[in-house]
Amino acid sequence: MDYGKIFLIAVLAALLIALAFGAWAIISQQNYQKAVSAENPEDICKAPAGYTQEQWEEHMGHHPDRYAQCLGSGR
């Protein structure tokens with residue numbers, strides 16, 4: 001088997017994986033910014049427009065440092 005072809009395939013596979021991770025990171029950051037910009041400044045624990053309370057609680061659960069006062073407080 002030609003080791004040059006194997007090396008080329010391995011490099012292309014690594015590039016595709018890196019590209020996929022980069023795209024995922026950009027999309028995740030955009031979703032986070034969308035959620036943060038939708039926050040109710042008077043009560044960040046309350047679901048903003050466009051979210052159900054259940055969706056918002058799931059979002060807050062991914063960011064316990066930002067929403068510590070909302071999580072586990074029995075709201």
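**Exercise 1. Decide whether glutamate 39 is buried, partly exposed or exposed.**

Solution. 
Step 1. Take the relative accessibility of glutamate 39, which is 15%.
Step 2. Apply the cut-off: buried means under 20%.
Step 3. Glutamate 39 therefore counts as buried.
The model used here and below is a predicted one.

**Exercise 2. Locate glutamate 39 and list what its side chain pairs with and what the residue touches.**

Solution. 
Step 1. Glutamate 39 sits in the loop between helix H1 (3-37) and helix H2 (53-61).
Step 2. Find the polar partners of the side chain. The side chain of arginine 66 makes a polar contact with it at 3.0 Å. The side chain of tyrosine 67 makes another, at 2.4 Å.
Step 3. Glutamate 39 touches Ile44, Pro48, Trp56, Arg66 and Tyr67.

**Exercise 3. Find how many salt bridges the whole structure has, and state what the arginine 66 pair ties together.**

Solution. 
Step 1. Count. The search of the whole structure gives 1 salt bridge.
Step 2. Name the pair. Arginine 66 bridges to glutamate 39, with the closest N and O atoms 3.0 Å apart.
Step 3. Test the distance. The salt bridge criterion is a side-chain nitrogen of Lys or Arg within 4 Å of a carboxyl oxygen of Asp or Glu.
Step 4. Arginine 66 is in the segment after H2 and glutamate 39 is in the loop between H1 and H2, so the pair ties together parts 27 residues apart in sequence.
Step 5. Arginine 66 is partly exposed, at 33% relative accessibility, whereas glutamate 39 is buried, at 15%.
Step 6. Side chains of opposite charge can pair when their charged atoms come close.

**Exercise 4. Identify the disulfide, give its handedness and describe the surroundings of both cysteines.**

Solution. 
Step 1. Count. There is 1 disulfide.
Step 2. Name the link. Cysteine 45 is joined to cysteine 70, with an S to S distance of 1.8 Å.
Step 3. Check the cut-off, which asks for sulfur atoms within 2.5 Å.
Step 4. Read the torsion. The angle about the S-S bond is -80 degrees, and the link of cysteine 45 and cysteine 70 is left-handed.
Step 5. Cysteine 45 belongs to the loop between H1 and H2, and cysteine 70 to the segment after H2; the pair links distant parts of the chain, 25 residues apart.
Step 6. Cysteine 45 has a relative accessible area of 6%, so it is buried. Cysteine 70 is at 8% and counts as buried.

**Exercise 5. Characterise histidine 59: its place, its burial and its partners.**

Solution. 
Step 1. Histidine 59 lies in helix H2.
Step 2. Judge burial. At 11% relative accessibility, histidine 59 counts as buried.
Step 3. Find the polar partner. Its side chain makes a polar contact of 3.4 Å with the side chain of tyrosine 67. Tyrosine 67 also has a side-chain polar contact with glutamate 39.
Step 4. List contacts beyond four places in sequence. Histidine 59 is in contact with Tyr32, Ala35 and Tyr67.
Step 5. Histidine 59 and valine 36 are 23 residues apart in sequence, with their C-alpha atoms 9.9 Å apart.

**Exercise 6. Describe the nonpolar surface patch and the exposure of leucine 8.**

Solution. 
Step 1. List the members. Phe7, Leu8, Val11, Leu12 and Leu15 form the patch.
Step 2. Give the area. Together they have about 500 Å² of accessible area.
Step 3. Take one member. Leucine 8 is in helix H1. At 48% relative accessibility, leucine 8 is partly exposed.

How values were computed
Residues are numbered from 1 along each chain as its sequence is written. This is a predicted model: local features need pLDDT of at least 70, side-chain atom pairs count only at pLDDT 80 or more; totals for chains, interfaces and linings use all residues. Side-chain values use heavy atoms; hydrogens and water are left out. Helices (H or I, at least four residues) and strands (E, at least two) are DSSP runs, numbered from the N terminus. Buried means under 20% relative accessible area, exposed over 50%, partly exposed in between (1.4 Å probe, protein chains only). A polar contact is a pair of N or O atoms within 3.5 Å; within protein, one must be able to donate a hydrogen and the other to accept it, and residues adjacent in sequence count only if both atoms are side-chain atoms. Contact means heavy atoms within 4.5 Å. Patches are made of residues with over 30% relative accessible area and no salt bridge: like charges are joined within 9 Å, nonpolar side chains (Val, Leu, Ile, Met, Phe, Trp, Tyr) within 5 Å. Accessible areas come from the Shrake-Rupley method with a 1.4 Å probe; for residues, only the protein chains shown count as cover.
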